[in-house]
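Please open the structure in a viewer with a selection panel at hand. The stops below are meant to be followed in order.

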Amino acid sequence: SLVTTLFWFVLVPGMRTPTVLYSLYLWTGVFGSWAMVQVWTLLGRAYTMIQAKRLYGFIGGGAVLGGVVGAVLARFVIGGFSARAAVLFAAALFAAASAPAWLMGASNADAGEPVSAPRASQPQPMRATMGILREHAFVRRVLGLVLLSTVTVTLVDYLFKAEMAAAYSS
């Protein structure tokens, strides 16, 4: 929310340079990827394999529904306000979306319960994670596929938006 708010301050008419716009575009891609990893990591720690088989379909369906509702909401915001105002609106939504997590953390701390997920273990040092990458070819392949697919989707998204902007700029 804070980083997105900083973009709102920078996107004043005199400072809208291509570098700022590219940075905003990259920020949205990086943030979206990071947020999804965090959500699925938390879910992976919180549920057993049997629970996951029952719940992940509903969670995935909720993600699709959220994407549709978000797209409709974005259409209304862009239709009624400037692009700069939409960035501030997005920052406000990020803050609102983080409120339940902060409230859950505060209520668990007040009750004397640990704030972490039920099956969360102590964080592993980076060396241990790199050791897993060295030892397991499957993990390296999955990481490579995730990296390649993220770069590909981001590139295609950028090219699509660039073509649309060129087609409708006149």
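The tour begins with confidence and then moves to individual residues and a pair of helices.

This is a predicted model, in which local features need pLDDT of at least 70, side-chain atom pairs count only at pLDDT 80 or more, and totals for chains, interfaces and linings use all residues. Residues are numbered from 1 along each chain as its sequence is written, and side-chain values use heavy atoms, with hydrogens and water left out.

**Confidence**

Colour the chain by pLDDT, the predictor's confidence in each residue, from 0 to 100. The chain averages 76, and 83% of the residues score at least 70. Helices here are DSSP runs of H or I with at least four residues, numbered from the N terminus. Confidence is highest in H1, at a mean of 86, and lowest in helix H5 (residues 126-135), at 69. Next select residues 109-120, where the pLDDT is below 50; beyond near neighbours in sequence, this stretch has 14 contacts in the model. Contact means heavy atoms within 4.5 Å.

**Thr4**

Select Thr4, which is found in helix H1 (residues 2-10). Is Thr4 buried or exposed? Thr4 has a relative accessible area of 4% and is therefore buried, the classes being buried under 20%, exposed over 50% and partly exposed in between (1.4 Å probe, protein chains only). Leaving aside residues up to four places away in sequence, Thr4 touches Trp27, Val87, Ala90, Ala91 and Phe94. With Trp27, the side chain of Thr4 forms a polar contact of 3.1 Å. Such a contact is a pair of N or O atoms within 3.5 Å; within protein, one must be able to donate a hydrogen and the other to accept it, and residues adjacent in sequence count only if both atoms are side-chain atoms.

**Leu73**

Move to Leu73 in helix H3 (residues 49-80). Leu73 is partly exposed, with a relative accessible area of 35%. Apart from residues up to four places away in sequence, Leu73 touches Phe89 and Leu93.

**H2 and H6**

Finally, display helix H2 (residues 18-46) with helix H6 (residues 137-167): their axes come within 12 Å and cross at roughly 140°. Axes are lines fitted to C-alpha atoms, for helices over the stretch in contact, and angles run from 0 to 180 degrees between N-to-C directions. Which residues meet here? Tyr22, Tyr25 and Ser33 in H2 meet Thr150, Thr154, Asp157, Tyr158 and Lys161 in H6.

Terms used. Helices (H or I, at least four residues) and strands (E, at least two) are DSSP runs, numbered from the N terminus.
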